[in-house]
Amino acid sequence: MSRNPGRTVYVGNVDEKVSERVLYEILIQAGPVMDLHVPYDKENSRLKGYAFAEYETEEIAQYAVRLFSGLVRMNGKTLKFVIAGHDKPSPNGNNPVVPKLNPVPSLNGNNPHIQW
């Protein structure tokens with residue numbers, strides 16, 4: 001799956017008793033689901049606890065995350081929704097790089113970093 005990462009939503013904390021059909025019926029409430037990948041454990045054929053839903057557009061995927069986050073509970077578990085790949089740490093294991101911003105100029109001219 002994950003042909004279009006920006007259109008793919010990771011669904012986490014899925015209970016092993018939830019069926020693919022039920023999950024699909026929830027996910028289509030946000031818009032057309034082009035593909036749904038639900039991994040199963042090879043040894044016991046149980047759901048691994050997560051899924052990936054690919055939506056028609058990035059906008060629909062983002063809408064789905066906003067719509068469902070913190071709202072959907074199944075079998076006592078609140079499902080987690082995030083655009084695929086956006087919840088992972090950076091490759092070097094550090095926090096994401098945050099640009100250092102220039103100070104905002106003061107209207108009264110008291111900012112020592114700004115020459116008037």
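In what order do the four strands of the open sheet run? The order is β2-β3-β1-β6, with antiparallel pairing. Strands pair if DSSP finds at least two bridges between them. Helices (H or I, at least four residues) and strands (E, at least two) are DSSP runs, numbered from the N terminus.

This is a predicted model, where local features need pLDDT of at least 70, side-chain atom pairs count only at pLDDT 80 or more, and totals for chains, interfaces and linings use all residues. Residues are numbered from 1 along each chain as its sequence is written, and side-chain values use heavy atoms, leaving out hydrogens and water.

- β2 (33-37) and β6 (80-83) are the edge strands, each pairing on one side only.
- From one strand to the next, the twist averages 20°.
- Four bridges join β1 (residues 8-12) to β6 in the antiparallel sense.
- Val11 stands opposite Phe81 of β6.

**Helices**
- Helix α1 (residues 20-27) lies across β1, β2, β3 (50-55) and β6, at about 145° to β2.
- Helix α2 (residues 58-68) packs on the sheet and touches β1, β3 and β6. Its direction makes about 155° with that of β6.
- Angles run from 0 to 180 degrees between N-to-C directions, with axes fitted to C-alpha atoms, for helices over the stretch in contact. Contact means heavy atoms within 4.5 Å.

- Phe68 touches Ile26, Leu27, Gln29, Ala30, Tyr55 and Phe81, not counting residues up to four places away in sequence.
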